[in-house]
Amino acid sequence: MALRVAAPAKVNLTLGVLGRRPDGYHEVRSVMQAVSLADRLLFEPARDGALLLEGGSGDAPPVETNLVLRAARALAEAGGTATGARIRLEKRIPVGAGLGGGSSDAAATILALNRLWGLEMPLPDLTRIAAQLGSDVPFFLSQGTALAEGRGERLTFLPAAPVLWLALVKPSASLPTPRVYAEYARSRPAPQDDVTPRMLDALATGSVEDVARCLRNDLQSAAIALCPEIDNVLSLMMESGAVAAQVSGSGSACFALCRSRERAGAVASAAARRGWWAAVARTTGLPMEMR
Ligand code: C5P
């Protein structure tokens, strides 16, 4: 038996940083949204009990491969199985982008190996394993649209968001999440009002304009301070017809909220002409098996 799965990227429609926690993390409040851009993974049992990972295109970086293997090892340990797996990872989501690619690969690994190994561990147990691998990993077990609180691992799933068309663009530089949070802490920005409740209302109306008015990312200034090219990406997005544009997560990728697929395509093409990685994506609901 082989399992083929897609591991989607996410954008943060809002990301409010509420303060520093005693454990060194930051308390956040974020509306996370899964999108159609996705990595591809293939899982097959390995007869000799080994855990093997092959980067499909050979460009899967160590951090991604580590997270996939760490997820596999954590699940094998929790499930008490010695069955191995051969995992093939085909990266499409850029790394160091704030699009959650590594976290999504880890969540896909947990879900797929739970099935492949016949463990039948329930979602709360899988969520505990996921949270130990990274703050964003639990979100990707269920995807769709969710309010994330705590360090990002405490989730309230929301009704499916309207279909929104996005252009995703990443400047050449990547940003490690810890550096962006450290820059945020160093710069001590003034506290912002919490737009997340208004975003929840806007998502219920389904209007692109309403959603655009409620976009917010408290990490954006820190990301721009570390990667000034982000400013050029955001300007280009607005010049080429986006309704609004924002950094996703800790960056360096940005997303443009667009009125149509065609407009998102025009923004992505303009960015690609500047030599940046660019893709068109749409917001997606829960995966089929969760409906
Ligand atoms: O949880 P994850 O491993 O993805 O976090 C990476 C780093 O980002 C943490 O070590 C921490 O420096 C920072 N972080 C934070 N507050 C959060 C999430 C991440 O300070 N809520």
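1. Start with the backbone of arginine 151: one of its N or O atoms lies 2.9 Å from a nitrogen atom of the ligand. Such a polar contact is a pair of N or O atoms within 3.5 Å. The protein covers 73% of the 450 Å² of accessible area that the ligand has on its own. Accessible areas come from the Shrake-Rupley method with a 1.4 Å probe.

2. This is a predicted model, so local features need pLDDT of at least 70 and side-chain atom pairs pLDDT 80 or more, while totals for chains, interfaces and linings use all residues. Residues are numbered from 1 along each chain as its sequence is written, and side-chain values use heavy atoms, without hydrogens or water.

3. A polar backbone atom of histidine 26 is 2.9 Å from a ligand nitrogen. In serine 135, a side-chain N or O atom is 2.5 Å from a ligand oxygen.

4. Which residues are around the ligand? They are Tyr25, His26, Val28, Gly134, Ser135, Arg151, Thr177, Pro178 and Tyr181. The shell divides into 4 nonpolar, 4 polar and 1 charged. In this scheme Tyr, Val and Pro count as nonpolar, Arg as charged, and Gly as polar.

5. Now see where the shell comes from. Both β2 (26-46) and α5 (177-187) supply at least two of its residues. The largest share, 3 residues, comes from α5. Helices (H or I, at least four residues) and strands (E, at least two) are DSSP runs, numbered from the N terminus.

6. Strand β1 (residues 3-20) pairs with β2 in the antiparallel sense over 15 bridges. Strands pair if DSSP finds at least two bridges between them.

7. Check two loops. A cis peptide bond joins glycine 251 and serine 252, with omega about 10°. Serine 252 lies in the loop between β9 (244-247) and β10 (254-258). Glutamate 120 has a positive phi, near 55°, and is not a glycine. Glutamate 120 sits in the loop between α2 (101-116) and α3 (123-133).

Terms used:
A residue is near a molecule or strand if one of its heavy atoms lies within 4 Å of it. A polar contact is a pair of N or O atoms within 3.5 Å; within protein, one must be able to donate a hydrogen and the other to accept it, and residues adjacent in sequence count only if both atoms are side-chain atoms.
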